[in-house]
Amino acid sequence: MSESAAGRVNTSLRVEVFPTRELAEKAVADEISALLRAKPTAVLGLATGNTPVGVYRELIRRCAAREVSFARATFFNLDEFCGLGPADPTTFRAWMRTNFVDLVDVDVRRVHIPDGAGDASARARCALDYERAIGDAGGIDLQLLGIGRNGHIGFNEPGSARDSRTRIVELHPWTREDQASGFGGLAHVPTHAITMGVATILDARRLVVMAFGEKKRELVERTLATKDDPAWPASFVHGHRAARLVVSADAAPR
Ligand code: PGA
């Protein structure tokens, strides 16, 4: 692991560079395993997408080998598309079940994913209920995050405020483009989503922001060079007391 200080704002954000993506994923899985050993009832904030998938794979392996247990843990996912039915295979709920939840020993009654179905008033109620449920669970101990092409965290698109909470958002054109292949074309990608807010994310006791691969390098550099700028929502992580940026060498800032 090595660090580079080039082009950074003054920050307490820790940057950890690993030679490979696999080593970085193992380190994050180690951190989650250690948290669960110390606190079996830990509340984990989870993300969907290509970025966290290897961490989930490693945790599934460890759970099968009885090296880690989620039996008393609680999960809260960052976000979900609006307007898809509960049985739709393109929901983040379906993705989480296939890639993690159904493959570990978590009690599904403690798996929370915001509900983007229903009309506007149902979604607004769901957003409020989600904030309350996170509070009732004692707050999020560790939140996993990826960085979107436009700097989003969760679906907090550019323009998201530091004090934003779980809410309905309109998806940025790049976000919809990046999701197009999973929906069989851009026209089928939902226009709106429900997402934890920036403040909801920053309330987590620990943040682990991950970035792997050459394509993420520029996003990492911009995150390190920008502080508290709504135009680049990932820049808000600088204000967090316990945030780490975990990157593979090919995504590391030059
Ligand atoms: P990815 O997406 O993990 O699929 O690269 C990151 C994000 O949009 O948050």
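Start with what a pocket is: on a 1 Å grid over the protein atoms alone, it is an open set of points with protein on both sides within 12 Å along at least five of seven lines. A molecule sits in a pocket if more than half of its atoms lie within 2 Å of its grid points. Now select the ligand: it sits in the largest pocket.

Before going on, know that this is a predicted model, where local features need pLDDT of at least 70 and side-chain atom pairs count only at pLDDT 80 or more, while totals for chains, interfaces and linings use all residues. Residues are numbered from 1 along each chain as its sequence is written, and side-chain values use heavy atoms, with hydrogens and water left out.

Next, show the residues around the ligand (a heavy atom within 4 Å): G49, N50, T51, G146, I147, G148, H152 and K216.

Which side chains reach ligand oxygens with an N or O atom? Look for polar contacts (N or O pairs within 3.5 Å). T51 has one at 2.5 Å, H152 has a polar side-chain atom at 2.6 Å, and K216 comes in at 2.7 Å. The protein buries 72% of the 280 Å² that the ligand exposes alone (Shrake-Rupley method, 1.4 Å probe).

Last stop: select Y56 and F100. Their ring centres are 4.5 Å apart and their planes at 20°, so they are stacked (centres within 6.5 Å make a pair, planes under 30 degrees count as stacked).

Technical notes. A polar contact is a pair of N or O atoms within 3.5 Å; within protein, one must be able to donate a hydrogen and the other to accept it, and residues adjacent in sequence count only if both atoms are side-chain atoms. On a 1 Å grid over the protein atoms alone, a cavity is a set of points where a 1.4 Å probe fits but cannot get out, and a pocket is an open set with protein on both sides within 12 Å along at least five of seven lines; lining residues have an atom within 4 Å of a point. Rings of Phe, Tyr and Trp (its six-membered ring) pair if their centres lie within 6.5 Å; planes under 30 degrees apart count as stacked, over 60 as edge-to-face and the rest as tilted.
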